[in-house]
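Please look over the sequence and the model, then read the points below.

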Amino acid sequence: MTIDVLIVDDDELIRVGLRAIVDAQPDLRVVGEAGDGAEVPPLVAKLRPRVVLMDVRMPAIDGIQATRRLLATSADPPRVLVITTFANDEYVYDALRAGASGFLLKRARPAEVVEAIRVVAAGESLLFPAAIRQLVGVYGSRGGDGLRAARLTDREAEVLRLMATGLSNTEIAEQLVVGVETVKTHVGNVLAKLGVRDRTQAVIAAYESGFVVPTG
């Protein structure tokens, strides 16, 4: 299945470069471009991309605001992959908290760009889990109730802890000696109980609540 991609960046050179990288892949396709975050919701409604490559810093509506607006206005929002110059950036963390599924450095190699799009489109593993741990350690506001209010079962709690390490559904299934479909069910239950849309936000909630302690 082809993954449709929308590119959002105020720098035309960046957009041209990303389009060339994406369109060179048989399973990826750029369906549109935008130069500002304000254009995102209507373009998503029209083009129905599966992934949005979103610049985190833009002069009018930045990637954080655009992500929030997109999730608030779209019934079935695409995955958002934030594009940034610096990995250890509070803007990046705010974008992840707003609902972005991952981030990508502008200096990333073409192969890394392609892999990042595929990972967030699949939604079955974290993109750069170690970097997320580092961001939480610097910018996170830890000290909640440990997710007690979510009433996770013991198995769901175990799955969430394994998700936080960056394991995919298949890897979690192998570690717990259960089927992949069983893991998908547990992951779905975790997301529903936490009230989040994907595993990135679930893991951030786990870190910020103190349920999982970021290390390394």
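A salt bridge here is a side-chain nitrogen of Lys or Arg within 4 Å of a carboxyl oxygen of Asp or Glu. By that rule, 3 salt bridges are counted between domain 1 and domain 2. The model is predicted, and the domain assignment of its protein chain gives domain 1 as residues 3–126 and domain 2 as residues 142–209.

**How the two domains meet**

- The C-alpha centres of domain 1 and domain 2 are 25 Å apart.
- On the domain 1 side, 14 residues are in contact with 15 residues of domain 2.
- About 1,200 Å² of area is buried between domain 1 and domain 2, and carbon and sulfur atoms give 47% of that area.

**Polar links and make-up of the interface**

- Helix H4, residues 90–98, supplies the largest share of the side of domain 1 that touches domain 2, namely 3 residues.
- Sorted by class, that side of domain 1 has 7 nonpolar, 4 polar and 3 charged residues.

**Salt bridges**

- The structure as a whole holds 15 salt bridges.
- One of them joins Arg79 and Asp198, whose closest N and O atoms are 3.2 Å apart.
- Another joins the side chains of Arg19 and Asp23, at 3.4 Å from N to O.
- Arg19 and Asp23 both belong to helix H1, residues 12–23, where they sit 4 residues apart, about one turn of the helix.

**Aromatic pairs**

- The structure holds 2 aromatic pairs.
- In the pair of Phe103 and Phe128, the ring centres are 5.8 Å apart and the planes are at 55°, so the pair is tilted.

Terms used
Residues numbered from 1 in each chain as written. Predicted model: local features only at pLDDT ≥ 70, side-chain atom pairs only at ≥ 80, totals over all residues. Heavy atoms only, no water. Domains from an automatic or database assignment. Contact = heavy atoms within 4.5 Å. Buried area = accessible area lost by both parts, 1.4 Å probe. Helix = DSSP H or I, 4+ residues; strand = E, 2+ residues; numbered from the N terminus. Nonpolar A, V, L, I, M, F, W, Y, C, P; charged D, E, K, R; others polar. Phe/Tyr/Trp six-rings, centres within 6.5 Å; stacked < 30°, edge-to-face > 60°.
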